[in-house]
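Me: I have a structure to look through and would like to go over it step by step. Could we begin with the surface?

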Amino acid sequence: EFTRQLNRFIVGCDNIWAQGPVFDIVILENLYRQMGLPCPWQFWQIRDSRTLLSSLGDPREKNKAGLHNALEDCVSQAQAIQLAVKKYNLTEL
């Protein structure tokens with residue numbers, strides 16, 4: 001069920017972004033392998049949000065407090081990417 005939902009989200013995307021592709025993407029690729037399914041992305045579609053965020057001085061650094069929470073991390077990363085897109089007037093990533 002999870003991989004079906006993930007596929008609906010990812011299939012057709014130009015790129016897949018991760019905060020550290022050698023961690024997040026590897027976990028997802030392993031999930032697909034265990035399920036016997038092909039990954040819905042190619043290696044050249046993987047992007048590391050750290051590269052983009054480092055150009056801003058990573059605005060998330062100001063808001064770090066408390067324990068690690070995966071959902072909060074995801075939301076803060078998405079917000080930081082949106083800031084970068086707006087700052088650099090990007091139309092495609």
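Predicted model: local features only at pLDDT ≥ 70, side-chain atom pairs only at ≥ 80, totals over all residues.

Me: How much of the chain counts as buried?

Reply: The chain has 93 residues, of which 25% count as buried.

Me: And what is the order of the elements from the N terminus on?

Reply: The order is α-β-α-β-α-α. In total there are four helices and two strands.

Me: What share of the contacts join residues at least 24 apart?

Reply: The share is 68%, taken among contacts between residues at least 6 apart in sequence.

Me: Let us take α1. Which of its residues are buried?

Reply: The buried residues of α1 are Thr3, Leu6 and Ile10. Seen down the helix axis, they fall within an arc of 60°, so they line one face of α1.

Me: Why would residues spaced like that point the same way?

Reply: An α-helix has 3.6 residues a turn, so residues three or four places apart point the same way.

Me: What do the buried residues of α1 pack against, and what is exposed on the other side?

Reply: They pack against β1 and α2. On the other side of α1, Arg4 and Arg8 are exposed.

Me: What follows α1?

Reply: Gly12 follows α1, and its phi is positive, near 95°.

Me: What is the span of α2?

Reply: Helix α2 covers residues 24-35, which is 12 residues. From first C-alpha to last it reaches 17 Å, close to the 16 Å expected.

Me: What is Ile16 in contact with?

Reply: Leaving aside neighbours within four places in sequence, Ile16 is in contact with Ile10, Ile25, Trp41, Gln45, Ile46 and Arg47. One of these, Gln45, is 29 residues from Ile16 in sequence, while their C-alpha atoms are 5.9 Å apart in space.

Me: Changing topic: how many aromatic pairs are there?

Reply: A search of the whole structure finds two. In one, the rings of Tyr32 and Trp41 have centres 5.6 Å apart and planes at 90°, so the pair is edge-to-face. The other joins Phe43 and Trp44, again edge-to-face, at 5.3 Å centre to centre with 80° between the planes.

Me: Which of these residues are buried and which are exposed?

Reply: Tyr32 and Trp41 are both buried. Phe43 counts as exposed, at 67% relative accessibility, and Trp44 is exposed as well, with a relative accessible area of 52%.

Me: Then α4. What is its span?

Reply: Helix α4 runs over residues 70-87, giving 18 residues. The helix reaches 26 Å from its first C-alpha to its last, close to the 26 Å expected.

Me: Which residues of α4 are buried, and how are they placed around the axis?

Reply: Gln77, Ala80, Ile81 and Ala84 are the buried residues of α4. They cover an arc of only 100° around the axis, which puts them on the same side of the helix. What covers them includes β1 and α3. On the other side of α4, Leu71, Glu72, Gln82 and Lys86 are exposed.

Me: Is Asn89 buried or exposed?

Reply: Asn89 counts as exposed, with a relative accessibility of 66%.

Key: Residues numbered from 1 in each chain as written. Heavy atoms only, no water. Buried < 20%, exposed > 50% of the residue type's maximum accessible area, 1.4 Å probe, protein only. Contact = heavy atoms within 4.5 Å. Expected span 1.5 Å × (residues − 1). Phe/Tyr/Trp six-rings, centres within 6.5 Å; stacked < 30°, edge-to-face > 60°. Arc of directions from axis to C-beta.
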